[in-house]
Amino acid sequence: MKIAVARETREGETRVALVPELVGRLTALGATVVVEPGAGRHALVPDEEYVAAGALVEKAAAERADVLLSVAPPSPEDVGRLKNGAATISFLPVDTERPLVAMLRDRGVTSFAMELVPRTSRAQAMDALSSQSVVVGYRGAVVAAGLLRSFMPMTMTAAGTVPAAEVLVLGAGVAGLQAIATARRLGAVVRGYDVRPSSADEIRSVGGEPLDLGLEPLDGPGGYAREMTRERATRQRELLAPHVARADALITTAAVPGRRAPVLVSRAMVERMRPGSVVVDLAADAGGNVQGVRAGSVVRMGGAQVWGGRNVAAQVPGPASRLYAANVVSLLTLVTYPADEEGPAVFAPDFDDEIVDGCCVTYGGAIHHAPTRVAIEGPDLAPHPTPDPVRR
Ligand SMILES: NC(=O)c1ccc[n+]([C@@H]2O[C@H](COP(=O)([O-])OP(=O)(O)OC[C@H]3O[C@@H](n4cnc5c(N)ncnc54)[C@H](O)[C@@H]3O)[C@@H](O)[C@H]2O)c1
């Protein structure tokens, strides 16, 4: 079984899907690991480290590969190199990558999307959305500290005392909690707000102070947030406005699964912040929590600078790659029969497993992920065949 590691080709993608420390986990299964030259360059991992860990470094690694690993969706060139029946594991946003999904289907490639891994306790080791959110939250707090023209911690000197910065974090999921924890470690006074009822305890557990706006919680299925009604959104903005105005730094991370990010903060609210204030919108890639934000740019609103995050996890490629690679290796281990006395290692996804079933996008020349199949091919006319478990 040959596992290939792609060199990322999308603009701004600095991460790599496998790090040298984890090569041994795959060779122990009986697989050969082949890395494209320069795959780890932007994450500061030289080719020699892969070789020292037991991998081969070869051009066009995807050729004759059984599984191709990447962070961003695989390039059409790499998909063109894959043999029928090969597999890809990557982030694969099915709503925006329909032509690529159709290509994977037409070439008989089995594809897995890391963002579709079900968020169950059993799948935690494969939860790349969470692992990358940890990186995003950390980076958001550090960017806020860097842009702020003041100290984060209260600082006492013989010449006087500089008060601590006040940081407000909106959305306290994985990224938000990490932003709160990081801003606290930097010494700021941190408040957090989320619509889920369990969030107050979670905010306290990382050293933040939960903000209670007196609004009803908005918890939806599986512990996730529900979308706000227009009235609720307006009321929430009104109640948040004074808290935003007094913050030195505002960090926003709110998301609703499968939807555009909710607009939590209007331009007028930002314009009421003091000169020199900072806004870091970590949801900018999903449309933004702040009205007028631009992903990948800093926009001035009144006296505040508004930083729109773009592929923020790729701004900290070392840890982001390490965590992502661990997620990918866990998924690969689940879909591989290790080599034993009966034969070599084989790629063998079991579709009776809810994790495998949940994150598989294409398989055997068909689109396995039902919502994507309907979006690309229209409503199912005949029942879609479920693949049999693959056995050696
Ligand atoms: N394996 C698992 O079981 C697992 C893994 C990760 C997260 N989770 C849980 O999933 C939930 C969401 O976490 P996430 O990091 O994926 O979130 P996310 O990235 O989808 O969203 C970020 C946060 O924004 C909040 N939000 C949405 N609309 C909002 C609004 N209008 N105002 C303020 N906040 C708003 C959400 O409640 C969420 O906490 C949490 O309960 C988390 O503990 C479970």
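Arginine 373 touches Ile367, His368, Gly378, Asp380 and His384, leaving aside residues up to four places away in sequence. This arginine sits in helix H12, which spans residues 370-377, and at 6% relative accessibility it counts as buried. The model is a predicted one.

**Overall fold**

- The secondary structure of the protein amounts to 12 helices and 19 strands. With a radius of gyration of 23 Å, close to the 21 Å given by the globule rule for 392 residues, the protein is as compact as a globular protein of that length.
- Taken along the principal axes, the box filled by the C-alpha atoms is roughly 70 × 55 × 35 Å.
- Among contacts in the protein with a separation of 6 or more, 63% are between residues 24 or more positions apart.
- The accessible surface of the protein is about 17400 Å². Carbon and sulfur atoms contribute 53% of that surface.

**Ligand site**

- Arginine 196 takes part through its side chain, with a polar atom 2.9 Å from an oxygen atom of the ligand. The ligand on its own has 830 Å² of accessible area, and the protein covers 84% of it.

**Positive phi outside glycine**

- Leucine 44 has a phi near 65°, a positive value in a residue other than glycine. The residue belongs to the loop between strand E2 (32-35) and helix H2 (47-52).
- Is leucine 44 buried or exposed? Leucine 44 is exposed, because its relative accessible area is 74% and the cut-off for exposed is over 50%.
- Asparagine 311 also has a positive phi, near 40°, and is likewise a residue other than glycine. Its place is the loop between strand E15 (304-308) and helix H10 (317-334).
- Asparagine 311 has a relative accessibility of 25% and therefore counts as partly exposed, since that class lies between the buried limit of under 20% and the exposed limit of over 50%.

- Arginine 373, in helix H12, falls in the buried class because its relative accessibility of 6% is under 20%. Its contacts beyond four places in sequence include Asp380 and His384.
- Proline 242 is found in helix H8, residues 230-246. With a relative accessible area of 42%, proline 242 is partly exposed.
- How far apart are the C-alpha atoms of proline 242 and threonine 336? They are separated by 54 Å, and the two residues are 94 residues apart along the chain.

Terms used:
Residues numbered from 1 in each chain as written. Predicted model: local features only at pLDDT ≥ 70, side-chain atom pairs only at ≥ 80, totals over all residues. Heavy atoms only, no water. Polar contact = N/O pair within 3.5 Å; in protein donor to acceptor, adjacent residues only side chain to side chain. Areas by Shrake-Rupley, 256 points an atom, 1.4 Å probe, with all protein chains shown as cover. Helix = DSSP H or I, 4+ residues; strand = E, 2+ residues; numbered from the N terminus. Rg over C-alpha atoms; globule rule 2.2 N^0.38 Å. Contact = heavy atoms within 4.5 Å. Buried < 20%, exposed > 50% of the residue type's maximum accessible area, 1.4 Å probe, protein only.
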